[in-house]
Amino acid sequence: MGSSTLTGAERKKRTKSTIVMIVLGALIIAAFMISMNTGFTKLSPFEVLRTLFGGGTPKQELILFEFRLPRIVISIMVGAGLALSGCILQGVSRNALADPGILGINAGAGLVVMLFVSFFPTTTAAPVFLLPILALIGSSFAAFLIYVLSYKKGEGIMPTRMLLTGIGVAAGISSAMIVLTLRLSPEKYQFVATWMAGSIWGSNWKFVTALLPFLIILIPVVLYKARVLNVLNLGDQTASGLGASVNRERLILLAAAVGLAGSCVSVSGGIGFVGLIGPHLARRLVGPKHQFLLPASALVGSLLVLIADTLGRVILQPSEVPAGILVAILGAPYFLYLLSRTR
């Protein structure tokens with residue numbers, strides 16, 4: 001009786017989670033279609049559809065295929081990557097406030113990207129494909145620094161200590177970035193200022209191609225480790241008792257989180273709070289099991305960044321509001337709300 005009831009409850013939960021993810025997917029498709037029609041140059045839905053099937057004018061094809069579509073695709077990829085990274089960090093640290101932006105991982109990636117952009121043009125093919133790798137180096141350095149500074153012998157890593165250390169590291173790296181901007185030319189300063197605000201700046205197919213391999217490799221690894229994250233949430237002693245190699249699994253998951261955040265930041269700039277809001281909203285929709293939480297987080301993150309980037313192109317036309325600013329308008333109050341409820 002108990003077993004059948006449990007099975008029924010599990011089946012009901014799985015059905016609900018599937019429906020939620022289908023609805024999120026449908027919302028992303030709707031936002032995708034709206035975003036293709038949105039911009040300084042107006043394209044009607046009929047013109048967009050005609051252009052997609054090869055019947056548009058050269059100008060319409062240029063606008064849609066070379067400017068809007070790559071930017072939309074990058075927004076979806078970046079949102080998914082950052083939300084998954086935040087979901088992993090929250091699961092591994094058992095800290096509801098963990099996020100690659102708050103912990104300084106994004107800032108580490110940004111520092112290296114900024115140093116690179118300061119000395120090399122970003123329009124050639126080679127630097128474009130180097131950027132995710134360089135961002136990965138920077139984010140890995142920041143993560144290593146946070147790990148070393150927050151680790152205490154005999155206690156390991158305490159969630160609160162890691163959060164405070166991450167905030168301190170992020171502040172230090174951000175200060176270094178501000179000092180470096182003083183040495184930049186006006187053109188490069190404008191780019192760096194836009195990047196720091198969180199603009200989808202890598203809006204061509206080269207950047208899509210550069211980011212795609214990281215997501216193709218890391219996302220399946222993360223989804224495969226969903227059950228491991230469930231076990232780690234029970235605590236180190238319980239996880240060890242269930243046969244999990246806690247330190248090795250935590251290291252793999254942290255490496256995946258750093259890789260996702262660093263590679264995404266290299267083409268999106270310093271978009272913060274996606275890794276915080278995405279998993280929290282997904283958890284409210286599908287519950288805490290990572291088999292459902294991870295894909296739901298990715299979908300919520302994609303939807304959030306896509307909507308923010310689309311609105312940013314509309315609000316102050318012909319100027320643009322960086323997506324990172326719009327996400328922060330939502331994220332900062334939500335972070336303070338979570339902070340007030342966290343012991």
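1. Helices (H or I, at least four residues) and strands (E, at least two) are taken here as DSSP runs, numbered from the N terminus. On that basis the protein chain comes to 14 helices and 2 strands.

2. This is a predicted model, in which local features need pLDDT of at least 70 and side-chain atom pairs count only at pLDDT 80 or more, while totals for chains, interfaces and linings use all residues. Residues are numbered from 1 along each chain as its sequence is written, and side-chain values use heavy atoms, with hydrogens and water left out.

3. For the protein chain, the radius of gyration (over C-alpha atoms) is 21 Å, which agrees with the value near 20 Å that a compact globule of 343 residues would have; the globule rule is 2.2 Å times the number of residues to the power 0.38. The C-alpha trace spans about 65 × 55 × 35 Å along its principal axes.

4. Of the 343 residues in the protein chain, 48% are buried, meaning under 20% relative accessible area with a 1.4 Å probe, protein chains only.

5. Helix α2 (residues 45-52) packs with helix α3 (residues 58-93) at an angle of about 85 degrees, the axes being 10 Å apart, where axes are lines fitted to C-alpha atoms over the stretch in contact and angles run from 0 to 180 degrees between N-to-C directions. That makes α2 roughly perpendicular to α3, a term covering 65 to 115 degrees.

6. The contact (heavy atoms within 4.5 Å) involves Glu 47, Val 48, Arg 50, Thr 51 and Leu 52 of α2, together with Gln 60, Glu 61, Leu 64, Phe 65 and Leu 69 of α3.

How values were computed. Angles under 35 degrees count as roughly parallel, over 145 as roughly antiparallel, 65 to 115 as roughly perpendicular and the rest as oblique. Buried means under 20% relative accessible area, exposed over 50%, partly exposed in between (1.4 Å probe, protein chains only).
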